[in-house]
Each structure stands twice: as structure tokens, then as C-alpha cells.
Amino acid sequence: MKARASAPTADGLTLDQRDPRPLYVQLADRIVEAIERGEYAPGERLPSIRELARRLDCALVTVSQAYELLAARGRAAARPGKGTFVAAPAARDEPFARRWEPDVGRFARGSRLEGVMERLTEASEPGAISLASGHPAPETFPLHDFARAFHRTLLDDCAELMQYRSSTGDADLCAKLAELLRGRECAAAAADVIVCSGAQQAADIVATVLLDERSVVASESPTYWGSLGVFDARGVTYVEVRGDEDGVRADDVERVFAEYRPRLFYVNPIAQNPTGAVLPARRAKHIVAMARRYDVVVLEDQTGWQLTYDAPAPPPLAAHDTDGRVIAMESLSKSIFPALRIGYLYAKGGIAQALEAAKVRADVFTSTLTQRALWRFMESPACARHFRSTRALYRRRRDAFVSALAEALPWADVASPGAGVNVWLSLPPRISTRAAFDACAREGVLVMPAEPFYPTRSGPPALRLSFGHLAEEDAREGAVRLGRALGRLY
């Protein structure tokens, strides 16, 4: 445009550089107004692109884009070799077609808790004790200390830090997370960390990069249902890997890798959900060696590693990785508080670049304000104090709950979890999971059935029992009710 505003043409068309709309949008809107005033009749030919560009003193592409926009709106139609014509008005009496439905089959595959949540809701009554949730204890949430970190962030950080930021995460927080990983024997740099909105998004980003329809995923069994739901939505094929009281078995990992050559191996080595097992370092090292030998990518979920009770947490599998095939992810929801919705991925090499690109497509970046406050909290003495007090509380609750279960269920082999807030209770083969769930609900105690935790959704009857959010007396009463319910079925 040579002038701030073009003189109106005979049909009232004009362009104004002061108008915030793009020029081609202005022109399309002006033509629609002219059509509605009756200055262009249905079927009438609009001015040629060259003619209108000359009249308005604008670029040819401006008119071309305006005509394309009119066609997209259904207000014009292009006829090759003849020009662009005003479209006939749409019939007003045609009913809206409501019968079309999108194909949502692949998302429906991710409904691992379908039916379970409904059964839990139906069974919830006043006075019921829930051993099903897996939630952390609200009294452990460091809200006052985090409020101070949030306040300092708003006061001390410059406005520019609240601008659109790096997709991989706040630089200070990435550096802090890398420092913690180095303290656990990983050769981590800040550039290796991608901050995500929780572990669920982290798993979805990995699945986006690595998995296609019918990709083979090896997974320990049982394992965390949330990650399995992400893989379900990709239409993967599962191969289950057996475990024992110390987590996934390295010999079975090698068998599965050799026979099935999976694309991805998913493992939850510390605070294993649902069993609470802690994978020994020697097994972790062997698994990484097997992944290298059979060219398998490993996704390890390190969520809850701070909540180990009987010994310090072993290093991540990524500490033994030398060629960038192990991806670590962690959510801070359980260890700090769920509303934080901060997690991260740790990856090196070419796969890290692909993960970063997938993160950008997902949501550009995770809340900088929350990241900055989290960094300040993690830098303060309050963070270490929080983890110490949280571990101590959960250790007391674990010991009391396991003791109550052993007394209430003398026939059961109750394994004390090495980490986390769950106990995995295997049932005798003659007691089905559904029968156990129903019997417990009648006694006023809610439990989580085993099926969602099995990759193939079928396996030996069992229950996940969560104690973290319950006071010791409530957990003991839950164990007593559980004992009465299962005792009738035993």
C-alpha cells in the first residue's frame, strides 16, 4: 500500500492500513458487506484480480487471498478461465446433519478404568474407607513454603521471564533437575531435560515419537495403568515381562527382548506402582545392557524415587546408559503435590531432539510461573525438609498398615513395599477380583482391582491397596474390614 487508506471504489471497497486486520481479510469482509447490500448479485462475476488490485492500489496476492477466503466462507466460487463469482445463498431450510460422528476408536482404547470408576462411585457410601485412590497425603503438601516461593517469583522475576519461553523448560529449573540427576550418577546437563505437564504428558510425548499402530511394547506386569492407557491409544501390541518381589526380572527381560524385539520397554523401577518394589541396581545395569544388545528403547518412570523407606534409592537405569537409548521420566505430583502438574523427561542424543519437537507440538511450553516457583522451592532448605518429613510419615503409615493387614489376613502373603504408597495383595485363585471388590464394598472398604494394571488387562486375581492418604487408625480399620470381607470368600 502506498497510502494509509485507499479511496473507495464505486462498489464501496476500500482498504485501510490502520485497520488491525490483514489487508486480504479487510477486502474479503468489504466484499461480503457489498454482497449483503445487494451491490453484487448471486452469480455475478467479481472484478478480476488484476483490475481490483489496480483500483485499490494493492498487491495482486492481497486480492487473490481475499477471493480464496471468500470461497472458504462459501460466499464466492472460482471458475477456471472465467473468474470468481458470487455464490448462491445457502438454503436456510436444510436440517443440520447430526448423524456424522468422528472415528474415536483409538482414544476409546485408552479407557483402562472404564467401569472401575463407576463401580467405585456406586460403592462409595458415608463412612466408607478408600484404599483405592493412590493419592498422597494432603498434610504433606508444602503449601506455605511453596507460597513463599510463588510470592518471591512474582516479586523478583522480571516481566520478560513471563513471556513466551523455551519449549524445553525454564533454564534454572532444568539446571536444578540435571543437578539432581547427576547426584544419582547420571551424566546429565540442563539441555538433556524437557519439562512437561506431569508424567502423563511425558509418556504421551514418548509414545508420539516412538510408537505406531501395532508397535510391540514390552512392559513389566503389573505396572502403572496411566502409562498403559497412553500406549493403548496408539494401538500397540504388548508383551508382558514377569517380575518378583524386587521388581521386573532381568532374565525374563532378556527372553522377551530376544524373542519379540520390542520397540519400547516400559519399566517403573522405584516405588513401582502398584507393587511398591524397588529394582536392585545390578538388575538395572543388566537390563540396560540387554537393551543395547537387542536395540530396544527403555522408558523408565522414576516417579516416587524420593519415597524409599529401607535404603537410599538406587540410580536410574539412565545412569548405566552410554548410547542414549534410555529415557527417564518423573512426575513431582506424588512427591510434592498433585496440583503442581510438573514432570520432566531426561534424554540424550538424537531422540532428545525428536522429543523436544513433539513437546512443542503438544503445548509449546509448560507454565513458566509454576516452573519458576518450583525452582525456588527446590533451591530452598524447605524442599529437603519436606522430603524427610514425608518419608517419615509414609514409613509410619506403611508399617502400621502392613502390620494390620498381616493380622487381618493371616492366610495372605503381604509384602511390605520398599517405596511408594501402595501394597499389592495377591488373592487365592479361587477368589476372583470382582468377587473381592464387591465383598469389600459391602463391608465399607473400597479397593482397586488388578485388571487395569496388567498390560493385557488380564492376570492373576489381586488388589492394589493404597495407604498414603489415610491416617493410621483409618488404615487399620480399612484392614479390619478387608479381612472380614475376604475372610467370607476364603
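## Strand pairing

Two strands count as paired if DSSP finds at least two bridges between them. This structure is a predicted model. In it, strand β5 (residues 216-220) and strand β9 (residues 264-267) are joined by three bridges. The two strands run parallel. Ser219 has Tyr266 of β9 as its bridge partner.

## The sheet and its helix

β5 and β9 belong to an open sheet of seven strands. The order is β4-β12-β11-β10-β9-β5-β6, with mixed pairing. At the edges stand β4 (193-196) and β6 (237-241). Each has a single partner strand, so one side of each lacks a neighbour in the sheet. From one strand to the next, the twist averages 20°.

Helix α8 (residues 198-210) packs on this sheet. The helix touches β4, β9, β10 (297-301), β11 (326-331) and β12 (343-346). The directions of α8 and β11 make an angle of about 155°.

## Cysteines

How many disulfides does the structure hold? The count is zero. A disulfide needs two cysteine sulfur atoms within 2.5 Å. For Cys174, the closest cysteine sulfur is in Cys196, 9.7 Å away, which is too far for a bond. Cys383 is in no disulfide either. Its nearest cysteine sulfur, that of Cys174, lies 16 Å away.

Are Cys174 and Cys383 buried or exposed? Cys174 counts as buried, because its relative accessibility is 4%, and buried means under 20%. Cys383 is also buried, with a relative accessible area of 6%.

Definitions and conventions
Residues are numbered from 1 along each chain as its sequence is written. This is a predicted model: local features need pLDDT of at least 70, side-chain atom pairs count only at pLDDT 80 or more; totals for chains, interfaces and linings use all residues. Side-chain values use heavy atoms; hydrogens and water are left out. Buried means under 20% relative accessible area, exposed over 50%, partly exposed in between (1.4 Å probe, protein chains only). Helices (H or I, at least four residues) and strands (E, at least two) are DSSP runs, numbered from the N terminus. Axes are lines fitted to C-alpha atoms, for helices over the stretch in contact, and angles run from 0 to 180 degrees between N-to-C directions. Contact means heavy atoms within 4.5 Å.
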